[in-house]
Amino acid sequence: MAITDSSLPASSSNPVSFERAPHPGGVFVVTIDNPPVNALGVDVRRGLVAAIEAAEADSAAAAVLIFGAGRNFIAGADIREFGKTPQPPSLPEVCLKIENCTKPVIAAIHGAALGGGLEVALSTHYRIAAPSAKLGLPEVQLGLLPGSGGTQRAPRLIGVKPALELMLSGRHAGAKEALSLGLVDRLGTQADARAEGLAYAQELAAAKAPVRRTREAAGLADADGSRAALEAARADTAKKSRGLFSPMKIIEAVEAALTLPFDEGMALERKLFLQCIDSPQRAGLIHAFFAEREVLKAPETKAAKPRAIESAGIIGGGTMGAGIAVAMLDAGLPVTMIERDEPSLARGRQHVEKVYDGLIGKGRMTPEAKASVMARFSGSTSYDALAQADIVVEAVFEDMGVKKAVFAELDRVCKPGAVLATNTSYLDIDEIAASISRPQDVVGLHFFSPANIMKLLEIVVPAKVSADVVATGFELAKKLKKVPVRAGVCDGFIGNRILAVYRQAADHMMEDGASPYQIDEAVRNFGYPMGPFQVSDLAGGDIGWATRKRKSATRNPKARYVQIADRICERGWFGQKTQRGYYLYPEGARTGVPDPEVLAIIDAERERAGIEPRAFTEEEIMRRYMAAMINEGANVVHQRIALRPLDVDVTFLYGYGFPRHRGGPMKYADTVGLPKVLADIREFAKEDPLFWQPSPLLVELVESGANFDSLNHA
């Protein structure tokens, strides 16, 4: 027997339907159908309230089942509503309505039950999870906290320690883990979550199972253990969160679950949630969330379909080549590695195996699984072994002559339609493509080291490449679980081009009086995991040195050139791999300590350059560092190397450790205000007008009263 709206088709204005199932047991089935992910928009919230009221009014309904149509239960709140005037009912009101229902309410969970979706499930009285279920409270990743009872119900249901771990990490728990934690009561065994949920609900109705309200659960019974877990999380978060706002607010809200009655805890949770909404960090994190989805939309991905990729070749077995090979193997692709001789090939294989051996040592992989993966790896000293490869990536020495020699061989042996990719960080890919007979097949795939771990993949688009080759690059990124950013051809593309400029700004400050250690500390306090001189030591100072020597002939003789890094490299101090660079790394330590000899080199260089050192505040260091980064980012967008400011933001979030809660350098500029950034650049230009030339795009935006974000939607 259908109740009210049940016969209406699902639509954006009517995404919740409900009916009493025509089976014994009187189960009232509520179906959420709000494609693509059943987000909790206002119409879903209203529909859920109406459904619970209808179930209460139906005397023949003995239990209520809530189910999500499609591939998910409820994937969370509708973040498109953030920043807009809230429409009633609020999600906390919906959850309370569900929890207060006088009839048992069961959630049948499949796919995503995340954020508000899990909070809805926590408000039900019983939960069954299909094998596909993933449950989580990932609001921290958007600078928020679970604001609809998650901080109050989850600790009561599963205890403070696991609840905090879920909320502070933002990770997803699978169905089996959810059962072991106590988030769900039963595991389903088949794909039809609705049928299993209905059977479970009928079973509960037949047994006259009581209503079990999560707010009355006993997860906080061990008061001492709960308090200890809370304080441990507080200490750990203070150490790791590097100035993030919402993690401490999550801990404060969970503490309220320990110390306050449920209703008062809910009120505090709401207050803290609204504080997070107002935080600039929330704006930065939400920008990052949308930007990493927008980067997938490139002109070529709209214009063409990707070519098939079933096998891959890698040229070069060094650190980068081996990392790319691991990324390809992890994606399930057969990989053929080419090296110049058998000893080099053996080393390349060892580099690959070392990654998997490390996973085995950490208990994250079995020897059998490693053997299965390595069965897809082969090596050769002959390019002929690549005759059937669908894509080949070269990762050889950063030298144009070497690269061209590799591509000549690929042109000779690879089948028609094979994608030929270079991993160059700086070199002109148009020149590489022009050196062979099929420039339309050549694309840049700039991986970041270590390539099997770093998420960013710059997809560099030379002039003559086919659109379907670029689309293939994006499809490969998806297979490799990487974040792709489209870049044009120039020296350094997006990331390394901008890096070169703000690194120069850091060098100028070092020569003018700030120590490399003070600069690194300021950058870390801003939210980066490492400062620029630590990064140089990690990457190897010889890499930058080689680039500087390559560019020396074309360097503007009037441009300021700081020689401190050259003096350090001339001593053979290349960073961690030589146990000293800007820092000392005694006995191969991973964390460096300041080196008095480096400070002596800096003093000598200041004297040689005739510079009287002055003091810098941390605030001034970051003003200069960020102004250089933003200004060159504007140039990159102005010259169409990056199509949108958000492409620059995602590059720095995923490739350079830019603090996610600030959204990226261009979002940060909008937050500070472009007139302020431009005023800083003009002030610094009084000292060095050649280096501090305002970007035409920055000037244009300030004059028109616009910001960078306006260009993301053009």
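Analyst: Strand 5 and strand 7 (residues 134-136) run parallel and are joined by three bridges; strands count as paired if DSSP finds at least two bridges between them. Within this pairing, Leu 114 has Gly 136 of strand 7 as its bridge partner. Helix 3 (residues 116-123) packs on the sheet and touches strand 5 and strand 7, its direction making about 90° with that of strand 5. Contact here means heavy atoms within 4.5 Å. Helices (H or I, at least four residues) and strands (E, at least two) are DSSP runs, numbered from the N terminus.

The model is predicted: local features need pLDDT of at least 70, side-chain atom pairs count only at pLDDT 80 or more, and totals for chains, interfaces and linings use all residues. Residues are numbered from 1 along each chain as its sequence is written, and side-chain values use heavy atoms, with hydrogens and water left out.

The sheet is open, with three strands in the order 5-7-8 and mixed pairing. Strand 5 (112-114) and strand 8 (172-174) are the edges; each has a single partner strand, so one side of each lacks a neighbour in the sheet. From one strand to the next, the twist averages 20°.

Now the helices. The axes of helix 11 (residues 280-294) and helix 26 (residues 645-655) come within 9 Å and cross at roughly 105°. Axes are lines fitted to C-alpha atoms, for helices over the stretch in contact, and angles run from 0 to 180 degrees between N-to-C directions. Helix 11 is therefore roughly perpendicular to helix 26, a term for angles of 65 to 115 degrees. In helix 11, His 287, Ala 288, Ala 291, Glu 292 and Glu 294 meet Leu 646, Asp 649, Val 650, Leu 653 and Tyr 654 of helix 26.

Methods. Parallel < 35°, antiparallel > 145°, perpendicular 65-115°, else oblique.
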